[in-house]
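Hi,

Have a look at it first, then read on.

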Amino acid sequence: MDWMIVAAGEEPNPLAPHLVEIVLSLVVFGLLYLAVRKWVVPNFEKTFADRTSAIEGGLKAAETKQAEADAKLAELEQRLSEARHEAARIREDAREQGAAIVAEMREQAQAESARIVEHAHSQIQAERLQAVTSLRTEVGALATSLAGRIVGESLEDDARQSRVVERFLADLETEGSSTNGAR
């Protein structure tokens with residue numbers, strides 16, 4: 001028996017390992033340790049380093065993208081603000097133009113109204129003159145006829161008739177103006 005000492009009459013302990021088994025286990029464990037250390041651990045470390053660099057690169061890329069997104073957002077907000085200011089300016093310009101157009105149209109309407117009133121006055125004046133002329137002719141004819149009856153003499157002479165009518169109308173106008181002034 002190898003290294004184990006067995007007392008006389010005793011059977012060997014099945015739980016106690018043999019020296020050969022212990023040495024062989026240590027050699028196999030050492031070889032396995034060296035193999036794992038030489039081939040497996042570097043692969044794990046390389047994989048961990050690759051993953052770490054990939055994660056760090058992803059974080060840097062995400063930070064870069066976030067910074068770009070923030071810059072774009074700031075630019076868009078600035079553009080939106082500028083667009084709002086431009087829209088407000090355009091609305092103000094439109095209001096001013098609208099007010100100018102209304103003022104111009106009002107001016108044109110007043111000018112047109114004044115022209116129409118002036119035209120109406122001139123037309124009324126022309127119709128008044130026509131009516132006065134017509135009335136003079138009728139009044140003259142009636143006055144001549146009446147005067148001829150009163151006087152008993154014919155006033156058919158045009159020159160004489162015209163003088164009589166003019167004098168009669170002048171007397172009427174003088175009496176009318178003195179009566180109006182007395183009021």
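Asp-93 and Arg-89 sit 4 residues apart in helix α1, which is about one turn of the helix (helices here are DSSP runs of H or I with at least four residues, strands are E runs of at least two, and both are numbered from the N terminus). The two form a salt bridge, with 2.8 Å between the closest N and O atoms; the term stands for a side-chain nitrogen of Lys or Arg within 4 Å of a carboxyl oxygen of Asp or Glu. Arg-89 also forms a salt bridge with Glu-86, and there the closest N and O atoms are 2.3 Å apart. Glu-86 and Arg-89 are 3 residues apart in helix α1, again about one turn.

Before I go on, two notes on how this was done. This is a predicted model, so local features need pLDDT of at least 70 and side-chain atom pairs count only at pLDDT 80 or more, while totals for chains, interfaces and linings use all residues. Residues are numbered from 1 along each chain as its sequence is written, and side-chain values use heavy atoms, with hydrogens and water left out.

Asp-93 is partly exposed at 29% relative accessible area, Glu-86 is partly exposed at 35%, and Arg-89 is partly exposed at 42% (buried is under 20%, exposed is over 50%, partly exposed is in between, using a 1.4 Å probe and protein chains only). Further along, Glu-112 forms a salt bridge with Arg-115, the closest N and O atoms being 2.3 Å apart. Those two are separated by about one helical turn because they are 3 residues apart in helix α1. Both are partly exposed, Glu-112 at 36% and Arg-115 at 47%. Shared partners join Glu-86, Arg-89 and Asp-93 into one salt-bridge network. The structure holds 5 salt bridges, and the ones above are among them.

What about aromatics? The structure holds 1 aromatic pair. Phe-44 and Phe-48 make it, stacked, at 6.3 Å centre to centre and 20 degrees between the planes (rings of Phe, Tyr and Trp, the latter by its six-membered ring, pair if their centres lie within 6.5 Å; planes under 30 degrees apart are stacked, over 60 edge-to-face, the rest tilted). These two are about one helical turn apart, because 4 residues separate them in helix α1. Phe-48 is exposed, at 51% relative accessible area.

As for the overall picture, the protein chain has 2 helices and 0 strands. Of its 183 residues, 4% count as buried. The chain exposes about 15,900 Å², with carbon and sulfur atoms supplying 61% of it (Shrake-Rupley, 1.4 Å probe).

Last, the pockets. Which residues line the largest pocket? They are Val-132, Leu-135, Arg-136, Val-139, Leu-169, Leu-172 and Glu-173. A pocket here is an open set of points on a 1 Å grid over the protein atoms alone, where a 1.4 Å probe fits, with protein on both sides within 12 Å along at least five of seven lines; lining residues have an atom within 4 Å of a point. Its volume is about 160 Å³, meaning the space filled by probe spheres set on the points. α1 (19-151) and α2 (158-182) each supply at least two lining residues, and α1 gives the most, with 4. The lining divides into 5 nonpolar, no polar and 2 charged residues (nonpolar: Ala, Val, Leu, Ile, Met, Phe, Trp, Tyr, Cys and Pro; charged: Asp, Glu, Lys and Arg; polar: the others, Gly among them).

Cheers
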